[in-house]
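Trainee: Could we go through this model together, one label at a time? I'd like to see what stands behind each word.

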Amino acid sequence: MASVKISIIGAGSAIFSVRLTSDICKTKGLLGSVVTLMDVDKSRLDAAYALASQYAKDMKSDIQFKKTTNLEEAISGADFVINTALVGGHDFLEKMRKIGEKHGYYRGIDTQEFNMVSDYYTMTNWNQLSFFLKIAKMMENLSPNAWLLQAANPVFEGTTLISRTSKIKMVGFCHGHYAVNDMIDALGLEKEKVDWQVAGFNHAIWLTRFLYNGKDAYPILDEWIKKHSDGTTPKTPFNDQLSPAAIDTYNFYGRMPIGDTVRNSSWKYHYDLETKKRWYGEPWGGADSEIGWKWYENRLAEITTLTSKASELLRKNEDVKLSEALSANFSIIPADFAKEIKDFYDPSTLSGEQHIPFIDAIVNDHTGRFVVNILNNGVIAGIPDNVAVEIPAIVDKSGIHPEKVEPTLPERIVKWYLNPRMIRMEWALEAFEEKNPDLIVEMLLRDRRTSSYEQAKAVVDEIFKENS
Ligand code: NAD
């Protein structure tokens, strides 16, 4: 048991708050730790704090939760800083998207080929990138030996930017690679007998190694594809690992795209809603269509309302347990979602997020295999050393030990998928670092939705007028 100081920035995050705070309470090796929750939104912070403290009490976990709206206070003396903040929130992203759509850019200008994920703004959310650097700078001064665990998007741009400009120890995390399990289940394989490896960039990872009982399992996938030529019917907008888009991408590149990579594909699947429906399935057309993303935003809003209502109940009644406070409000969310939330508080399982097991591995030498975002430094051939890659690694007390990528990524993926995606990242970072919207206009001139220079200039002018 080791006592460390963990700080969660943006602790009111709809997607991460419950998952991370419950994982901490369940991790025996971290009992005795102090966890500081930080957020600028006081009501979200209060709710996250109430739920976390109550869960620690119900679980009899020796974790002390603290809360603050002050970033310096949270970072000062921390051993681990987890950044989950979304500066401006989803409302800001929607506002920018609306301006883009007004000027003829379906789903907004940040929705780019190889970067179609709807809260992964690389071109217009400079506030988010500035905040990443602010945290890193503050850590250099106030907690120079701490690890920064980057959860907030864009993880690819963020990890590259921070790792290039700061000496702090950092790692980026994404839960997208777990979609490999959806595929393993659909193929009817036993997980323990599968040996898999993914490699690429965040939201741009490919199943390099896929063995079943030590033998190549790609033929099993090929057989499945032959029998299911239309892919599977999605149960949610995110259920796309074996969608026609995933299969078509696999046929073209020769390796299976995993998780968010399926969304992060070429224009081919994304022209408009009808096209998206054809490739990602009815009724949503995938997570990033106007319908699919609305579904996701509704879920985020539901969890924020649920945590707020449950925290009110806890405040009013000291004898209520967290499970009771949540169940009393489960009627306001769909039943399948209520089950998901309940599972996060199941003492026997963790949420699946990698952040807390990573801390446990570093602090207690609980060696584990993780999928991490770190600078390449030679792991993927054909990609510069100073670009963040997403790869499997063994983590223990001595740090992160990247696995050798074996077999290597096909040349087609490196040249025609990773390289164009990397150029977009470099372009966006240069625009941000120079604070130069002209570079963004230039990017838009290579965008198939642009029909004139005037159109690109007008949208960028309006966005940065609103954004400054
Ligand atoms: P959210 O808006 O629900 O939560 C973000 C939180 O950040 C809010 O509570 C907000 O008040 C807070 N915040 C905003 N500005 C802040 C500041 N200056 N200081 C401190 N806190 C601040 O968003 P969400 O949907 O939970 O997503 C959070 C982030 O996580 C996004 O960037 C999203 O893209 C990313 N994300 C990452 C993964 C992954 O696997 N890495 C998965 C899903 C979402």
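Trainee: What is Leu314 in contact with, leaving aside its neighbours within four places in sequence?

Mentor: Contact means heavy atoms within 4.5 Å. On that basis Leu314 is in contact with Ala50, Leu51, Gln54, Val320, Lys321, Leu322 and Ala325. Keep in mind that this is a predicted model, where local features need pLDDT of at least 70, side-chain atom pairs count only at pLDDT 80 or more, and totals for chains, interfaces and linings use all residues. Residues are numbered from 1 along each chain as its sequence is written, and side-chain values use heavy atoms, with hydrogens and water left out.

Trainee: Why is Leu314 called buried?

Mentor: Buried means under 20% relative accessible area, exposed over 50%, and partly exposed in between, with a 1.4 Å probe and protein chains only. Leu314 has a relative accessible area of 9%, so buried is the word. Leu314 is found in helix α11 (residues 290-316); helices here are DSSP runs of H or I with at least four residues, strands are runs of E with at least two, and both are numbered from the N terminus.

Trainee: What makes Thr27 buried?

Mentor: Its relative accessibility is 7%, so Thr27 counts as buried. Thr27 lies in the loop between α1 (17-26) and β2 (34-38), and touches Leu350, Ile356 and Asp360, not counting residues up to four places away in sequence.

Trainee: Which backbone oxygen lies 2.7 Å from a polar atom of the Thr27 side chain?

Mentor: That of Asp23. A polar contact is a pair of N or O atoms within 3.5 Å; within protein, one must be able to donate a hydrogen and the other to accept it, and residues adjacent in sequence count only if both atoms are side-chain atoms.

Trainee: How do you know that α14 is mostly covered?

Mentor: Nine of its 10 residues are buried, among them Ile356 and Asp360. Just after α14, Asp365 takes a positive phi of about 60°.

Trainee: And what makes α6 largely enclosed?

Mentor: Eight of the 11 residues of helix α6 (residues 155-165) are buried, so the rest of the structure largely encloses it. Phe156 and Leu161 are among the buried ones.

Trainee: Why is the Tyr55 and Tyr345 pair called edge-to-face?

Mentor: Rings of Phe, Tyr and Trp (its six-membered ring) pair if their centres lie within 6.5 Å; planes under 30 degrees apart count as stacked, over 60 as edge-to-face and the rest as tilted. The structure holds 19 aromatic pairs. In this one, the centres of Tyr55 and Tyr345 are 4.8 Å apart and the planes are at 65°, so the pair is edge-to-face. Tyr55 lies in helix α2 (residues 42-59) and Tyr345 in the loop between α13 (335-344) and α14 (355-364), so the pair ties together parts that are 290 residues apart in sequence. Both Tyr55 and Tyr345 are buried.

Trainee: Which residues form one aromatic cluster?

Mentor: Phe114, Trp206, Phe252, Tyr253 and Tyr417.

Trainee: Last one: how many residues surround the ligand?

Mentor: There are 26, and the closest are Ser13, Asp39, His90, Asn153 and Phe173; the test is a heavy atom within 4 Å. A backbone N or O atom of Phe173 lies 2.9 Å from a nitrogen atom of the ligand, while an oxygen atom of the ligand is 3.0 Å from a polar backbone atom of Ile15.
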